[in-house]
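Here is a short report on helix packing and aromatic pairs. The structure comes first.

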Amino acid sequence: MLSRKGIIPEEYVLTRLAEDPAEPRYRARERKARFVSKKGNCNVAHKNIREQGRFLQDVFTTLVDLKWPHTLLIFTMSFLCSWLLFAMVWWLIAFAHGDLASGEGTIVPCVTSIHSFSSAFLFSIEVQVTIGFGGRMVTEECPLAILILIVQNIVGLMINAIMLGCIFMKTAQAHRRAETLIFSKHAVIAVRHGRLCFMLRVGDLRKSMIISATIHMQVVRKTTSPEGEVVPLHQVDIPMENGVGGNSIFLVAPLIIYHVIDSNSPLYDLAPSDLHHHQDLEIIVILEGVVETTGITTQARTSYLADEILWGQRFVPIVAEEDGRYSVDYSKFGNTIKVPTPLCTARQLDEDRSLLDALTLASTRGPLRKRSVAMAKAKPRFSISPDALT
């Protein structure tokens, strides 16, 4: 009762308190696996890769693609292993020169104040991190020690450059900026400029702009060639209508991107009934541009399955002019309203334009009829007596 009056949303209403054990349970129909998720992740699992060595040929990209726990583990172990390796080298130099012998003699050590492996490990850290506490230092007694000092400094600089660059690239990855690029949860199909159009809404939550933003759409479906070859992921580009020209957009405020369903469209034979039974249809949307603040190219992706396309609906306006500037109400970003739309395919609409003419006539008569009824109710009624006519 409360949900019908609009007091409580329907999703918060408990529709069934208990299940009847005698009632048969029907298994829900399995949904089509997405090629691209709503958040933009590609739902593809790579298996049986035999040439694993190719990943080691591009070590930097492999490190950046790793998850954060693995990256931090490699970051820590790279420094620890280098410190331990050179600590062993310093200990061997001191052992070979006789610096570890007990007692003080007239022999000048290669490295002062090294008496055990612990002291050699501390000296290795001091050299590579350039701390220099002053208690241990290399003397001119051993040329080999001077060479090891140079090698360890070079190795330490290389490790710092690689690992710090990897951490920077992971924190500044392009998909982080894509988190504030949003798409409408549903796409709609309605009449615009006398043609059926596939429409969706895209927006940017940040004030910093996306430079040279372009958007592309593709239809991914399972097809079979005339020769009998089954193509599980057949991709077909969808052209878009844009007043600027091309696929470039000026994403300052949320925009409605639409595709005219004409004879060249892969949606030309799509009917309203197919949205509930066409399980192989998936429309992928890709937004790409350059981040204004960092100059890094970013890409945001989403997809729409057949049951996520609403027929006969249109997005509500969310941009309004207030106090001399435009304001955007993101609470209505995905809201839609029903509009008169022919329940036929675009092909049938092109072959019989009378369907659209009748729909347009009915939609124009509706407001006029309501207005005439309202005026009739508001019009005062006067009665003239016969005496007034004489």
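Helices are DSSP runs of H or I with at least four residues, numbered from the N terminus. The model is predicted: local features need pLDDT of at least 70, side-chain atom pairs count only at pLDDT 80 or more, and totals for chains, interfaces and linings use all residues. Residues are numbered from 1 along each chain as its sequence is written, and side-chain values use heavy atoms, without hydrogens and water.

Helix 4 (residues 117-129) has 13 residues, which at 1.5 Å a residue should span 18 Å; its end C-alpha atoms are 18 Å apart, in agreement. T130 follows helix 4 with a positive phi, near 55 degrees.

The axes of helix 3 (residues 68-97) and helix 5 (residues 143-171) cross at roughly 175 degrees and come within 11 Å. Axes are lines fitted to C-alpha atoms over the stretch in contact, with angles from 0 to 180 degrees between N-to-C directions. Helix 3 is therefore roughly antiparallel (over 145 degrees) to helix 5.

The whole structure holds five aromatic pairs. Rings pair if their centres lie within 6.5 Å; planes under 30 degrees apart are stacked, over 60 edge-to-face, the rest tilted. Two of the pairs:

| Pair | Centres | Planes | Class |
|---|---|---|---|
| F79 and W83 | 6.0 Å | 45 degrees | tilted |
| Y330 and F333 | 6.1 Å | 25 degrees | stacked |

F75, F79 and W83 form one aromatic cluster. F79 is buried at 14% relative accessibility, and W83 is buried at 17%.

Note on methods
Helix = DSSP H or I, 4+ residues; strand = E, 2+ residues; numbered from the N terminus. Parallel < 35°, antiparallel > 145°, perpendicular 65-115°, else oblique. Expected span 1.5 Å × (residues − 1). Buried < 20%, exposed > 50% of the residue type's maximum accessible area, 1.4 Å probe, protein only.
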